[in-house]
Amino acid sequence: MIKLADLYQQFRNPDTIRALSNRINQLASDIDADINIMEVCGGHTHTIMKYGLNQLLPSNIKFIHGPGCPVCIMPKERIDHAATLAQLPDVILLTLGDMIRVPGSKGNLAKFRSQGADIRPLYDPMDAITIAQENPDKTVIFFAIGFETSTPMTAVLIDQAEKLHIDNLLFHINHVLVPPAIDAVMADTQSKVNAFIGPAHVSVISGAKIYRPAVEQYNTPIVVSGFEPVDVMESILRIVQQKHEDKAELDVQYSRAVSEDGNLAAQAIINQYLTVKDSFRWRGLGPIPNSALRLKDEFKHRDAEVIFKTQLPTEEIDDHKACQCGDILRGLSNPPDCKVFGRGCTPDNPLGSCMVSSEGACNAYYRYAGVSHANPKK
Amino acid sequence: MPIQKNDQVQLSHGGGGKEMNTLINDLFFKAFSNPILESQEDAAQLQLSGATAFTTDSFTVDPLFFAGGNIGKLAIAGTVNDLAMMGAIPEYLSCSFIIEEGFAIQDLQTIVNSMAEEMQYSGAHIVCGDTKVVPKGCADGIFINTSGVGKIIKQNISVNNLVADDVIIVSRDIGRHGAAILMARDSLSLESELTSDCATLWPIVEQLIAANIDIHAMRDATRGGLSAVLNEWATASNVGIDVDEKNIPVSSEVQGLCELYGFEPFDLANEGTFIIALPRSAADKALEVMTQYCQCDQAAVIGYVTDEHNGKVVLNTPWGSSRYLDLPQGELLPRIC
C-alpha cells in the first residue's frame, strides 16, 4: 500500500521546490515586464501564503488574488437570506464550513445560532438527507454555496430528495461560476492581470475547456494548477516559460485530475436540476450577468427563494466603506493596502468577507504573511 | 436495592436520598476508595505545606467514548497534567458529575473505572465530590469537573520564563486527540487505527525533575494545540519562537485527516503531549530521559527561542520560506472545496 505521507511529500519535496524556484528566477530575469499572475481560486492563495512560495520568487512576479473564494464573494443580502430563513419557525438551516462566520448586515450565522436558530454546518452535504428524514415536522433548508466544484454535490442532493420524495428538504442556491468572474476582472480597464493560474477542483468538474475563450479573448496564459506547493511552483514556471516565448496558451499542469471536458456525469446532473441565473450580485464585484445558478422552474417546489419570497429581504447591502474587499477581489489592491487590514478588520472581527474564510486573501495575509512583509527572504 | 448494570440514572440518583447513597456507595466509593473520601465529611481535610498548585477543569467531550480513552480518563489525566506541568505532585482531586437523566449505569461504570485506573499512573486520589442529575435534554450525557491540588517540587516553571536561545522540545507526535475526536464524530464516517494520545504525564515529568533538568516552561498542548502553547509563551515572555516544520513529529493518520479537511496538525488538541522550553545545554539530557519512556520515543527538538519578532511564532518550511504560526481561531470548520 502507498503511504499517504509518500504521496503528498512528493508534492512538497524541498529539493523540487528549490529547483523550480531556481529555474523560475533564471527565466524571469530575462523578462523586463512584470508578470502579474491572478490565482483565481482561494485555495491557491492559501497554498502560496501558507507555504511562503511568494518568498521564493523574483520581484517581477506578482500575485493578484482572485475572486475564487465562495465565502468571500457572498454579498451581505444573501447572508441575510440565510439568517431570515434560519429564524423562521420549525426551520433547520444547513450550510458548509466557513459560511457560519461570514458577517451579514445583522451579524453572522454563528450569532443567530447562539440566539436559538437551528443552524448546522455540515461535513458532508449528504447528511442533509438524514437530517430531513429525522425531522419530518421541520423544514430543512440547504444553503448551497460554492463554485463548480461543490455544485454536483448539491445536484445529487436535489436528485436524492426528488427520488426519495423527501418533501421537507428545500434549497437556497448560491452556486457561482468561474468564467464570468474572470471576464468581470478583465473587463476592468485598470486590471493589470496578464496571466492566470486556473482553479484545480473547479476544472476537475468543468474541464479545462471553459478557459479557452478567456485565453483567446485576453491573449493571456492560463495554467490549470493543482493545490500542492510543487504544483503551484511548476505552474508558475510554465507561465514564465510562455511569457519567455511570448505565447498565450491554455495549459494543464494538474493533468492527474483535470481533462479537457471534465466530469461529464457531474455536468449532466447539474444540468438536470440547475440553470444559469440572469444575474448575481458578487460581493466586491457587483452584478455579473450569467454568473450563478438557480433551480430550474420545474423544481421550484424545492426553491426556498421562491417559497419564502415574501419573507426574504430584497435590499442590496454594500460592505463597510473602509473595506477594500471589492478592489482586492478585482486585483486592484493587496490586503496590506487596505486601511483597516489588521486594525479594524481581523479574523476575530472581520469587516469584509476576504478576512473570514481561510481561502480569503486578507485572512491568508493576516495569518501567514507578516514574516515576508517584515523581512523578505529571497 | 443495589444498582443494576442495565439501569439508567434517574433524577432520584441526584436527590440526596437513598438512591443517591446507593449510587455513591456502589459506584464511586468502590472505585475511588481512600480514607479521606470515605470519612464523608462536608469537606476533605488536607495537610498542605509550602507552595501548592491548584487547578480546575470541566470536561464535556463529544463523543464520550473515543479511540484511546473516554471522558473519565480525560477528566483525570487533564487535571493531573495541569498540576504536573507546574512541577507539582498530583495529590488530591475533587470530582463533580453532572449526569443527564437516562444515562446508562453501565457507561457510568466504565467511565468511573477508567478514572480509577488513570489515577494509578500519578498516585492522585479523589477526596471529595458531588453528583447532580439533570432532566433529560439539560446536559449531553455526562459532564465532569475535576479540580486538583499538589505540592510544587520544581519551582519557577512559568510561561514568563522563556529566554533567547532556549530550545523547544515536543514530547511526541502532535494532534492525535483532536484528530481522534473528529474521526469519532458521527458526521465523519472515517475509519482509522488512530487513537487519542490521552495519558497521564506525571511519570515522565517526575523523571525529568528527578534528573534535575532546568525546565523554564512546560505545558501540555491541549485545546489550540502546539500553536496555542507557543503563541502564549511568545506573548507572555515577550520573545520570538522559531520552529522548523520538518522536525515536528506528525503521524500519517493525523496528517491524512488534516489533508482531507484542511486542518493543520499544529492546531489540533492533544491530551498527553507536552512542550518544554529549556536551555540549549539541557536539551540532550532531557531528550535522553524522555525517550526512555515509551510514549516519548518521538520526542524532538522542534525550535528555539529568539529575541527577534517578539510575541510571534515563526514556522520555517523545509524549502527556505517562513510564515507566522498563528493562534487557531473560531470553530474548526472543514474547508469547502
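Figure 1. Of the contacts in chain A with a separation of 6 or more, 77% join residues 24 or more positions apart; two residues are in contact if their C-beta atoms, placed from the backbone, lie within 7 Å. The chain holds 16 helices and 13 strands, where helices (H or I, at least four residues) and strands (E, at least two) are DSSP runs numbered from the N terminus. Its radius of gyration is 21 Å, close to the 21 Å that the globule rule gives for 378 residues, so chain A is as compact as a globular protein of that length. That radius is taken over C-alpha atoms, and the globule rule is 2.2 Å times the number of residues to the power 0.38. The C-alpha trace of chain A spans about 65 × 45 × 45 Å along its principal axes. Buried residues account for 52% of the 378 residues in chain A; a residue is buried if 20 or more other C-beta atoms lie within 10 Å of its own, exposed if 12 or fewer, and partly exposed in between, with C-beta atoms placed from the backbone. Residues are numbered from 1 along each chain as its sequence is written, while chains are lettered from A and ligands numbered from 1 in the order in which they are written. The model is predicted: local features need pLDDT of at least 70, side-chain atom pairs count only at pLDDT 80 or more, and totals for chains, interfaces and linings use all residues.

**Figure 2. Contacts and overall dimensions of chain B.** In chain B, residues 24 or more positions apart make up 86% of the contacts with a separation of 6 or more. This chain has 9 helices and 13 strands. A compact globule of 337 residues would have a radius of gyration near 20 Å, and the 21 Å of chain B agrees with this. Along the principal axes, the C-alpha trace of chain B covers about 70 × 55 × 30 Å. Of the 337 residues in chain B, 49% are buried.

**Figure 3. The largest nonpolar core and the surroundings of I37(A).** A nonpolar core is a set of buried Ala, Val, Leu, Ile, Met, Phe, Trp, Tyr and Cys residues joined through C-beta atoms within 7 Å. The largest one has 219 residues, and those with the most contacts inside it are I37(A), L93(A) and I141(A). Helix α3 (residues 71-84) of chain B gives the most to this core, with 8 residues. Domain 1 (11-151) and domain 2 (166-324) of chain B both contribute residues, so the core lies between them. Neighbours within four places in sequence aside, the contacts of I37(A) include I61(A), F63(A), I64(A), A195(A) and F196(A). I197(A), I236(A) and I239(A) are also among the contacts of I37(A).

**Figure 4. Helix α3(B) and the contact between the two domains of chain B.** The domain assignment of chain B gives domain 1 (11-151) and domain 2 (166-324); such bounds come from an automatic or database domain assignment. The C-alpha centres of these domains are 28 Å apart. Domain 1 of chain B supplies 19 residues to the contact and domain 2 of chain B supplies 21 residues. On the domain 1 side, the largest share, 7 residues, comes from α3(B). That side has 11 nonpolar, 6 polar and 2 charged residues, where Ala, Val, Leu, Ile, Met, Phe, Trp, Tyr, Cys and Pro count as nonpolar, Asp, Glu, Lys and Arg as charged, and the others, Gly among them, as polar. Helix α3(B) has 14 residues and reaches 20 Å from its first C-alpha to its last, close to the 20 Å expected at 1.5 Å a residue; the expected span is 1.5 Å times one less than the number of residues. Because 14 of the 14 residues of α3(B) are buried, the helix is largely enclosed by the rest of the structure.

**Figure 5. L287(B) in helix α9 of chain B.** L287(B) belongs to helix α9 (residues 283-291) of chain B. With 18 C-beta neighbours inside 10 Å, L287(B) counts as partly exposed. Residues up to four places away in sequence not counted, L287(B) touches I169(B) and A299(B). L287(B) and I169(B) are 118 residues apart in sequence, with their C-alpha atoms 8.1 Å apart in space.

Figure 6. H165(A), although not a glycine, has a positive phi of about 55 degrees.
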